[in-house]
Amino acid sequence: MKVKFSSNSDLARAWANQSQPEGKGNSMFFVNENVYSYGYHYVAGTILEAKDGQKVAIVNGTSYSVSTAKHVGEVMSASIKLYHTFKIPFGSSFGFSSFSVDKLPFILKVMTKEVEKLSEKQLRARTSTHNFYMALHKVDDIKELSRLFDLPVPNTSSFKYFGEASKNAFLKEKI
């Protein structure tokens with residue numbers, strides 16, 4: 001068992017593979033299912049078990065610093081090859097620094113608000129459809145997370161502005 005890793009990408013891969021209970025690098029470390037950037041205050045990612053038994057990686061989508069963003073990128077890259085991986089916002093700004101399944105309903109509400117903001121921005125966009133596709137990706141993540149963790153799956157029409165933004169984006173692509 002290798003305890004000290006020479007690169008963050010090697011450490012992230014060892015965490016994702018769950019081949020050992022812990023590992024340390026220069027600025028990242030992991031203990032069991034959680035991988036951290038610089039300290040216990042920032043969980044860069046965690047591995048959870050969904051209701052159907054499959055493993056799911058949750059990667060922290062809350063910005064912190066440039067170097068931590070690089071760590072999150074390493075975690076995302078390592079986990080996406082092995083698990084259904086979601087990049088979602090969580091962190092101390094939400095009143096907690098780690099992620100657990102019981103916090104998922106709150107996180108889904110935050111993600112829903114993000115969808116609504118992106119959809120509203122799409123309605124004001126002159127030519128770009130970028131905001132709509134970002135919103136669409138988040139809607140897909142919300143639905144899949146809800147399904148995996150046996151939570152009520154929202155109907156697409158329940159997202160404020162999303163239907164209008166969809167039509168708006170479609171018309172812009174026709175031009």
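**Aromatic pairs and nonpolar cores**

Student: Are Phe29 and Tyr36 buried or exposed?

Tutor: Phenylalanine 29 and tyrosine 36 are both buried; that means under 20% relative accessible area, with exposed over 50% and partly exposed in between (1.4 Å probe, protein chains only). This is a predicted model, where local features need pLDDT of at least 70, side-chain atom pairs count only at pLDDT 80 or more, and totals for chains, interfaces and linings use all residues. Residues are numbered from 1 along each chain as its sequence is written, and side-chain values use heavy atoms, leaving out hydrogens and water.

Student: How many aromatic pairs does a search of the whole structure find?

Tutor: Seven. Rings of Phe, Tyr and Trp (its six-membered ring) pair if their centres lie within 6.5 Å; planes under 30 degrees apart are stacked, over 60 edge-to-face, and the rest tilted.

Student: Why is the pair of Phe29 and Tyr36 stacked?

Tutor: Because their planes are at 20°, with the ring centres 4.9 Å apart.

Student: And what about Phe132 and Tyr133?

Tutor: That pair is edge-to-face, 5.1 Å centre to centre with 70° between the planes. Phe132 is buried at 7% relative accessible area, while Tyr133 is partly exposed at 39%. Ring pairs also link Phe132 and Tyr133 with Phe159 and Phe162 in a cluster.

Student: New topic: which residues have the most contacts inside the largest nonpolar core?

Tutor: Ile58, Ile88, Phe99, Leu145 and Phe149, in a core of 28 residues. Such a core is a set of buried Ala, Val, Leu, Ile, Met, Phe, Trp, Tyr and Cys residues joined through side-chain atoms within 4.5 Å.

Student: What lies apart from it?

Tutor: Another core, of 18 residues, including Phe30 and Ile47.
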